[in-house]
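Please open the structure in your viewer and keep the selection panel at hand.

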Amino acid sequence: MGIIKRQTIQSSIYAYAGVVVGFLTQGIWFPNLFSEQQVGLLTLLISLSLILAQASNVGINGAGGRFFPYFRDAERQHNGFLLIASLATFVGFCLCVLALWLARPWIVYLYQDQSALFVEYYYLLIPLTFCTVYFTVFDNYSRLLYDPVTGTLLQQFVQRLLVTLAGGLYWLGWVTFPQFLGVWLLAFLLPLLFMIISVARDEALFFSRNFVSVNPDLRRNLIRYASLTFTSALSSQVVITIDKMMINSKQGLGDTGIYGTASYFAAVIAIPATALYKVSGTLIAESWKVNDLENIANIYRKSCLNQLIAGCLVFVGVAANLPNVFQFLPASYSAGYYVILWLGLGKLFDMATGINGTILNTSRYYTYDSFFVVILIFITIGANLYLIPRFGINGAAIGAAFVTLLFNLARTLFVGFAFKMQPFTWRNLVVIGLGLAVWWLSVQLPYSNARAAKWRFMLDVGWRSALITGLFGGAVLALKLSPDINQMVDGLKKRFITK
């Protein structure tokens, strides 16, 4: 658990540094720098590239998390795993490029009127998907070699910093919008190159065919598992991004831009969970290999509690500061107020249930998770078809929160029945009650007048956030709700006093 705790903290630090950059750039600056349609274009391109990247990967990353312990052998170049993953991904990418080319007439027919900008820049999906999928391949490989931190640093911080620099060029008038998109693509290409360099620096960049060795049983299990995780991962990505696609289809790029900006605020809440999933997956797979159920249950229990604490703190901080945040955005973006709350609530549901998906995906019952996700696609589409025409972008957010709750409930119940693992205790309930109490107290304090100077809103965000952190964090420490957090704080105190 020490490895998980240390690397999760490191990854979270880099991730939250990126959140600061991303929040100021994509949450505040870009909505003021670009039109709603241009913001919507960036949102839609990223969303679709994530789906295409999952399709291109053909399930090899998910299979790696489950079977890499059987490949691990540095002297034999890990039996050619990186070469296998790279070639399989290239075949999948070529098929996706072919699909994009064949779908072009259909895209023009559907989106020419409401999303002409997307039709114009449609083929940017090809280089964007390539950078996204191969970064995922090398990041996953590095994570399997017990280095999840480098990928988090590059993706969460460096990439967002490069996007900010691209926006700066446009703001200065040095590039036009089409030229900005070219520079923007570099923000995805450079982290990929740095990730490859990192793997090479660790002397793990293995591409020799001479060491490729997969016995028939492992090959058969790998292909079967990859096929199922391909379905599961692709379906999961569709579930996550289909709301933006359906909003664009029904209401155009403008509303897509507002919804995309709001969803970025909500994504801030899930940053610690992202770091945890990267770190824990390999260790859970190793525990399954030796059938160490006690270690899995311990990680599961701690993940639920610690992620709930982190999620509640960030959710309350975001929710309490929304009246101030919207003072920095164009008036049209106020339509995303409740979108942030609903999507944030969905992220909190996901964090509160910990690594249930990781446990299920790396167990012998992984086929059931694929089944859950496929069913979820139909529920998501049905919910959006019903809610978006009635409530617009708020309907999409409500549907996303409902689907997230339903999915995690199914996973948690299955893990509970299949492995007799129930991760919740009275501490989880206390954390939820504490979060509600701190949120209620924080919104009772008056906000700055709408006509106040911008610096007053910034000051309000600062002291209100400090108050929330002090009250919530202080109560968590005083009540000793999380031994891990208390141990971490005590360690920091000792280190500080020693210095």
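The stops below begin with the entire chain.

This is a predicted model, in which local features need pLDDT of at least 70 and side-chain atom pairs count only at pLDDT 80 or more, while totals for chains, interfaces and linings use all residues. Residues are numbered from 1 along each chain as its sequence is written, and side-chain values use heavy atoms, with hydrogens and water left out.

First, select the whole protein chain. Its secondary structure comes to 18 helices and 0 strands; helices (H or I, at least four residues) and strands (E, at least two) are DSSP runs, numbered from the N terminus. The C-alpha atoms fill a box of roughly 70 × 60 × 50 Å along the principal axes. Of the 499 residues, 52% are buried, meaning under 20% relative accessible area with a 1.4 Å probe, protein chains only.

Next, select residues 216-267, helix α9, together with residues 366-391, helix α14. Their axes, which are lines fitted to C-alpha atoms over the stretch in contact, lie 8 Å apart at an angle of about 10°. Helix α9 is therefore roughly parallel to α14, a label for angles under 35 degrees.

Then select residues 393-419, helix α15. How many residues does α15 have? This helix has 27 residues and reaches 39 Å from its first C-alpha to its last, close to the 39 Å expected at 1.5 Å a residue; the expected span is 1.5 Å times one less than the number of residues.

Note on methods: Axes are lines fitted to C-alpha atoms, for helices over the stretch in contact, and angles run from 0 to 180 degrees between N-to-C directions. Angles under 35 degrees count as roughly parallel, over 145 as roughly antiparallel, 65 to 115 as roughly perpendicular and the rest as oblique. Buried means under 20% relative accessible area, exposed over 50%, partly exposed in between (1.4 Å probe, protein chains only).
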